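Subject: The structure we talked about

Hi there,

Here is the structure I promised to pass on. Have a look at it first, and then read on for what turned up.

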Amino acid sequence: VYGLLGILSPYERSQFPVDYSRPVREVYIDVVDYLLTTTRSLDVICASINFPVHQIINGLPSWCPDWSQRRRISPIWCRFRGFSAASASEPEFAFLKKRRKLKISAILLDKITLCGVPLNPPICKGALLMAFFEWRLKLIERKGYDQADHEAFCRTISCGQIPDTWTPQEWLEWTYRTFALGLHRNFPGLILDPHLMSYAQNFPPLSLAEQKQTLSESFTNAMTGRCFAITSSGLLCLGSGALQVEDIICVPLGCSTPIIL
């Protein structure tokens with residue numbers, strides 16, 4: 001934090017007097033406090049996804065990013081510039097108990113009722129394929145084989161990174177063909193259900209280069225460090241690998257995306 005002060009304005013520098021005797025935790029909370037107050041946005045708390053690396057700064061609140069570590073997971077809002085789940089609403093927040101707690105106003109959306117295994121970084125191709133396999137089984141367990149649900153699943157695990165000209169059905173076919181062929185090639189002893197296997201058999205085969213490109217561009221970053229979940233109302237989502245059943249989903253006022261608490 002202090003290393004960045006030289007490129008900031010004089011006013012901004014004055015807000016962060018250099019004092020190496022202060023705990024790092026307090027300096028990081030100062031940054032969050034300043035950003036919440038000046039940007040009138042809660043987006044900074046979405047960068048506090050420190051899973052699966054444990055926080056090493058003693059007493060750092062869960063809503064404060066740990067900038068001492070190299071973040072392996074990028075916040076989802078970074079992919080959707082200009083989108084805001086909370087529209088133009090102003091954040092309502094207050095620090096409590098000597099800034100150990102952050103009180104916010106939010107719209108309650110839903111609750112997590114089923115979740116898959118987390119895809120922990122660093123990952124390999126096999127781990128990515130098996131995460132897809134397990135997450136899809138969770139989808140079938142709750143939803144069955146409804147076409148619309150499987151289209152939604154493919155949009156979800158790619159964080160909506162779909163070519164503009166593609167239909168949901170085309171993306172479903174491409175996604176399932178990519179993963180089905182990958183599973184068949186890398187795990188020949190794994191038995192795929194007829195629904196998934198049909199995408200490997202009834203569509204033109206993908207080359208290894210095409211498969212690798214699709215996995216890398218549309219799924220690796222979206223799935224890494226996260227896990228698939230289904231809510232009580234049947235919505236599909238990706239969340240931090242630390243999410244659990246009974247966690248709640250809300251849209252904080254002044255925040256670009258929903259968050260899971």
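Let me start with a question: at 17% relative accessibility, does Y34 count as buried or exposed? Y34 counts as buried, because its 17% falls under the 20% cut-off. We will come back to Y34 below, once the overall picture is in place.

**The whole chain**

Please keep in mind that this is a predicted model. The average pLDDT of the protein is 89, and 92% of the residues reach at least 70. Confidence is highest in strand 3 (residues 106-115), at 97, and lowest in helix 7 (residues 208-223), where the mean is 81.

The protein has 261 residues, and 45% of them are buried. Seven helices and seven strands make up its secondary structure, and along the sequence they follow the order α-α-β-β-β-α-α-α-α-α-β-β-β-β. The C-alpha trace spans about 65 × 35 × 35 Å along its principal axes.

**Aromatic pairs**

The count of aromatic pairs comes to 15. One of them joins F16 and Y34: the ring centres are 5.3 Å apart and the planes stand at 70°, so this pair is edge-to-face. F16 sits in the loop between helix 1 (10-14) and helix 2 (24-39), while Y34 belongs to helix 2, so the contact ties together parts that are 18 residues apart in sequence. F16 counts as buried too, at 10% relative accessibility.

A second pair is formed by F132 and F179. Here the centres are 4.1 Å apart and the planes are at 10°, so the rings are stacked. F132 is in helix 3 (residues 125-143) and F179 in helix 5 (residues 168-186), so this pair ties together parts that are 47 residues apart in sequence. Both F132 and F179 are buried.

These two residues also belong to a cluster linked by ring pairs, together with W135, F153, W166, W171, W174, Y176, Y199, F219 and F228.

Helix 2 gives the most to the lining, with three residues. By type, nine of the lining residues are nonpolar, none is polar and one is charged.

**Two loop residues**

Which loop holds D193? D193 is found between helix 5 and helix 6 (194-201). With a relative accessible area of 16%, D193 is buried. From D193 to E151 the distance is 17 Å, C-alpha to C-alpha, and the two are 42 residues apart in sequence.

L235, in the loop between strand 4 (226-231) and strand 5 (236-240), counts as exposed, at 52% relative accessibility. L235 and G182 are 53 residues apart in sequence, and their C-alpha atoms are 27 Å apart in space.

Best wishes

Conventions. Residues are numbered from 1 along each chain as its sequence is written. This is a predicted model: local features need pLDDT of at least 70, side-chain atom pairs count only at pLDDT 80 or more; totals for chains, interfaces and linings use all residues. Side-chain values use heavy atoms; hydrogens and water are left out. Rings of Phe, Tyr and Trp (its six-membered ring) pair if their centres lie within 6.5 Å; planes under 30 degrees apart count as stacked, over 60 as edge-to-face and the rest as tilted. Helices (H or I, at least four residues) and strands (E, at least two) are DSSP runs, numbered from the N terminus. Buried means under 20% relative accessible area, exposed over 50%, partly exposed in between (1.4 Å probe, protein chains only). Ala, Val, Leu, Ile, Met, Phe, Trp, Tyr, Cys and Pro count as nonpolar, Asp, Glu, Lys and Arg as charged, and the others, Gly among them, as polar. pLDDT is the predictor's confidence in each residue, from 0 to 100.
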